[in-house]
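Visitor: Please take a close look at one part for me, the pockets. I would like to know what lines them.

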Amino acid sequence: MSNENKTIHDFEFNLICDFFSNMERQGPGSPEATLRALSFIDNLTDKSLIADIGCGTGGQTMELARHAPGQITGLDLFPGFIEIFNRNAAKLNLQDRVKGIVGSMDNLPFEQASLDLIWSEGAIYNIGFERGLNEWRQYLKPGGYIAITESSWFTDERPAEINDFWMDAYPEMDTLPNQVATIYKAGYLPVATFILPENCWTEHYFAFKTAAREAFLHKYAGNKTAEEFSELQFVEDELYRKYKEFYGYVFYIAKKVG
Ligand code: SAH
């Protein structure tokens, strides 16, 4: 029984990895948004230690590395993403400063109070916004920064179709002002907040997803799990186009206090 489950789990794990590994990024975002977030951070030197948690294949990490000094460790649960990440770092000749490692965000391998900056785009939902903020804080130096994106409600009320979809997929999803309050309560001073522009979804995410979907369906033709997975991706994209005034991704930049 447990063996059977493991096989199914592994299969899905590989499927998801396969779908997203051909994409430049695995979530909404853009080089411009990454640089805008970086512009609020003023404590970095060549000696700085930076972690990019849930880095995926490293689209945003390489952008960060090209514009910020210091050593960057990218961490992700999927070994396939980390392989691509390290290949990308080498291609850009960044391998001495940028390293990808396999690990889990709920058990980080960093020393207490060692990091100058924690970066995490589109990934903290895997552990939960509040839990991630609370647990990751211990790895930051006093005065260190955190820069994260998280999905956020823009209104207190929203149509049932979109509300139910996200409350089922991610019940912790909250409104922007509540998320700022959560950051503050977790022991950080909120420094800047901005909503990711629509092109972070359409141009830099959905366009790649559409291409990835075609290649994926071709490779896994006739595979029911693969078809269902691909269909769900399509539903997510359509919902965003229909309800984008009610939710989106927000970049939060905050500084550890105390
Ligand atoms: N930051 C990247 C990837 C976002 S997708 C980008 O913006 O493009 C979310 C990432 O979180 C995926 O790469 C996924 O493998 C990773 N992830 C999921 N659960 C994780 C965990 N427990 N620990 C570390 N990474 C995890």
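Guide: The second largest pocket holds about 200 Å³ of space (the volume filled by probe spheres set on grid points joined across faces, edges and corners). A pocket here is an open set of points on a 1 Å grid over the protein atoms alone, where a 1.4 Å probe fits, with protein on both sides within 12 Å along at least five of seven lines; lining residues have an atom within 4 Å of a point. The model is predicted, with local features needing pLDDT of at least 70 and side-chain atom pairs pLDDT 80 or more, while totals for chains, interfaces and linings use all residues. Residues are numbered from 1 along each chain, and side-chain values use heavy atoms, without hydrogens and water.

Of the 14 residues lining the second largest pocket, Glu-24, Gly-58, Gly-59, Gln-60 and Met-62 are closest to its centre. Helices α2 (31–38) and α3 (59–67) each give two or more residues to this lining, and α3 has the largest share, five. By type, the lining has three nonpolar, seven polar and four charged residues.

The largest pocket holds about 1200 Å³. It is lined by 43 residues, with Phe-20, Gln-26, Gly-122, Tyr-125 and Asn-126 closest to its centre. Elements supplying at least two lining residues include α1 (2–21), β5 (140–153) and α8 (199–219); α9 gives the most, six. This lining divides into 24 nonpolar, eleven polar and eight charged residues.

As for the ligand, one of its oxygen atoms is 2.8 Å from a polar backbone atom of Gln-26. A ligand nitrogen is 2.8 Å from a polar backbone atom of Glu-121.

Terms used:
A polar contact is a pair of N or O atoms within 3.5 Å; within protein, one must be able to donate a hydrogen and the other to accept it, and residues adjacent in sequence count only if both atoms are side-chain atoms. Helices (H or I, at least four residues) and strands (E, at least two) are DSSP runs, numbered from the N terminus. Ala, Val, Leu, Ile, Met, Phe, Trp, Tyr, Cys and Pro count as nonpolar, Asp, Glu, Lys and Arg as charged, and the others, Gly among them, as polar.
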